[in-house]
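Visitor: Can you walk me through this model? I would like to know what holds it together and what sits where.

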Amino acid sequence: VGKERGEEIEPHHDPIHDQSWYLDVELQNRLYKEYGVLGYTIVQCMGDAVFIPAGAPHQVKNLHSCIKVAEDFVSPEHLNHCFSLTQEFRLLSDTHTNHEDKLQVKNIMYHAVKDALAVLNNAEPEED
């Protein structure tokens, strides 16, 4: 779409990680027509929480003033996927807002192993 509109595409451009596009109704219809991707609208009211699965592309349209509170969670079963995402982020330009390792995957792995070893070292030996 950027090329169609005469925009210059930067090296290491990533349309999802860049968060530079908002899909209006026209682009949503085109996405469905050309790729079979159908989006869903979720209206969030005061006090509601919305869970967005890891890796799920999404966009937000604020209808009123609001505050966003987000929490990233990394389960042990998905460390490999998170590490892959971290590697993708590293390919973005140094000035890109997502260039840094926001999930701190290596740090999470270090502390998980450290805590597991502490539990094992402090465990009472089983008596037979």
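**A salt-bridge network and a helix**

Visitor: Start with E34. Is that residue buried, partly exposed or exposed?
Guide: E34 counts as partly exposed, because its relative accessibility is 44%. Keep in mind that this is a predicted model.

Visitor: Which side chain does E34 meet in a salt bridge?
Guide: The partner is R30, with 2.8 Å from N to O.

Visitor: How far apart are R30 and E34 in helix α1?
Guide: They are four residues apart in helix α1, so about one helical turn separates them. An α-helix has 3.6 residues a turn, so residues three or four places apart point the same way.

Visitor: How many salt bridges are there in the whole structure?
Guide: A search of the whole structure finds two. The other pair to look at is R30 and E4, whose side chains meet at 2.4 Å, N to O. That pair links distant parts of the chain: R30 lies in helix α1 (residues 25–35), while E4 lies in the segment before α1, 26 residues apart.

Visitor: Which residues are linked in the network of salt bridges, then?
Guide: E4, R30 and E34 are linked in a network.

Visitor: What does R30 touch, not counting residues up to four places away in sequence?
Guide: R30 touches V1, E4 and Y35 on that count.

Visitor: V1 is new to me. Where is it?
Guide: V1 is in the segment before α1. At 36% relative accessibility, V1 counts as partly exposed. Leaving aside neighbours within four places in sequence, V1 is in contact with W21, L27 and R30.

Visitor: What is the spacing between V1 and L27?
Guide: They are 26 residues apart in sequence, and their C-alpha atoms are 9.0 Å apart in space.

Visitor: Change of topic. What about disulfides?
Guide: The structure holds zero disulfides. In general terms, a disulfide is a covalent bond between the sulfur atoms of two cysteines.

Visitor: Back up a bit. What is the overall make-up?
Guide: The protein has three helices and zero strands. From the N terminus on, the elements run α-α-α.

Visitor: How much of the protein is buried?
Guide: Buried residues make up 11% of the 128 residues. The protein exposes about 11,900 Å², and carbon and sulfur atoms supply 55% of that area.

Visitor: Now α2. Which residues of α2 are buried?
Guide: The buried residues of α2 are C82, L85, T86 and F89. They lie on the same side of α2, because they cover an arc of only 105° around the axis.

Visitor: What do the buried residues of α2 pack against?
Guide: They pack against α3 (105–122). On the other side of α2, N80 and R90 are exposed.

Visitor: What span should helix α2 have, going by its residues?
Guide: Helix α2 (residues 79–90) has twelve residues, which should span 16 Å at 1.5 Å a residue. The end C-alpha atoms of α2 are 17 Å apart, which agrees.

Visitor: What separates the C-alpha atoms of H81 and G55?
Guide: Those C-alpha atoms are separated by 9.0 Å, and H81 and G55 are 26 residues apart along the chain.

Conventions
Residues are numbered from 1 along each chain as its sequence is written. This is a predicted model: local features need pLDDT of at least 70, side-chain atom pairs count only at pLDDT 80 or more; totals for chains, interfaces and linings use all residues. Side-chain values use heavy atoms; hydrogens and water are left out. A disulfide is a pair of cysteine sulfur atoms within 2.5 Å. A salt bridge is a side-chain nitrogen of Lys or Arg within 4 Å of a carboxyl oxygen of Asp or Glu. Helices (H or I, at least four residues) and strands (E, at least two) are DSSP runs, numbered from the N terminus. Buried means under 20% relative accessible area, exposed over 50%, partly exposed in between (1.4 Å probe, protein chains only). The expected span of a helix is 1.5 Å times one less than its number of residues. The arc is that of the directions from the helix axis to the C-beta atoms. Contact means heavy atoms within 4.5 Å. Accessible areas come from the Shrake-Rupley method with a 1.4 Å probe; for residues, only the protein chains shown count as cover.
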